[in-house]
Amino acid sequence: MRQDEIWDAEAARHYDTPGEGMFAAEVLGPTVDRLAALAGDGPALEFAIGTGRVAVPLAARGVPVTGIELSAPMIAQLRTKVDADTIPVVAGDMATAVAPGEFSLVYLIYNTIANLLTQAEQVACFRNAARHLAPGGRFVVELWVPELRKLPPGQQAVVWHSEPGYVGLDTYDVLNQQVVSHHFRFGDGRQAELFRTPHRYVWPAELDLMGQLGGFALESRHADWTGGEFTAESRSHVSVYRLP
């Protein structure tokens with residue numbers, strides 16, 4: 001499954017959930033607040049900008065935002081919200097595509113670095129972030145912590161969310177550090193809708209080594225966008241890497 005095949009027109013149409021889930025004010029507000037503070041007076045670049053969930057409110061805060069995005073349908077959905085003068089977007093892979101200009105902040109949120117399915121691509125993503133940053137610039141990565149502690153010997157799948165009409169589960173290939181997320185949505189009948197996304201999961205320590213290979217040092221790591229303490233029980237983290 002290639003990423004440009006996964007994030008097709010249908011996925012783009014159903015991606016936005018205004019006021020709910022990832023778009024809930026309590027989720028989006030702290031994310032935008034933290035990114036605006038990190039950008040300071042400089043411009044920001046979002047890798048995998050998608051439909052502009054974060055970029056649009058961040059730009060509304062006065063931060064100049066540029067994006068890189070692989071999926072043409074996702075860019076088209078973004079264009080229903082803002083024009084290319086407000087948020088310019090370069091079509092391409094976040095590991096290799098180059099946006100014009102120099103930035104104080106590059107950010108990659110909601111587990112998206114895991115969409116790159118090899119270690120080499122993930123390292124290239126760090127190096128691409130460094131390529132776009134001014135000296136002292138920051139690269140922010142939001143990523144989940146692999147939940148292998150929930151995976152008993154001999155079991156390959158973990159249900160990570162269940163509610164009426166929805167089941168989310170991950171299937172693991174621990175030998176190759178791969179996971180596929182399965183999203184099942186269903187009603188009262190026999191039919192169900194399945195949406196699957198493959199990922200390469202990354203431990204925080206491995207991510208830090210990728211940062212070093214890209215010329216970064218880890219500046220901070222928190223459990224969330226509000227600055228909560230990162231602990232052994234944290235399910236995700238927001239890590240800030242900085243160039244010298």
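Helices (H or I, at least four residues) and strands (E, at least two) are DSSP runs, numbered from the N terminus. What we see is a predicted model, in which local features need pLDDT of at least 70 and side-chain atom pairs count only at pLDDT 80 or more, while totals for chains, interfaces and linings use all residues. Residues are numbered from 1 along each chain as its sequence is written, and side-chain values use heavy atoms, with hydrogens and water left out.

Let us begin with A97, which sits in the loop between strand 3 (89-91) and strand 4 (103-108). Is A97 buried or exposed? A97 counts as buried because its relative accessibility is 10%; buried means under 20% relative accessible area, exposed over 50%, and partly exposed in between, with a 1.4 Å probe and protein chains only. Beyond its neighbours within four places in sequence, A97 is in contact (heavy atoms within 4.5 Å) with I68, V90, G92, N128 and H132.

I68 stands opposite V90 in strand 3. Strand 2 (residues 65-69) pairs with strand 3 in the parallel sense, over 3 bridges; two strands pair if DSSP finds at least two bridges between them.
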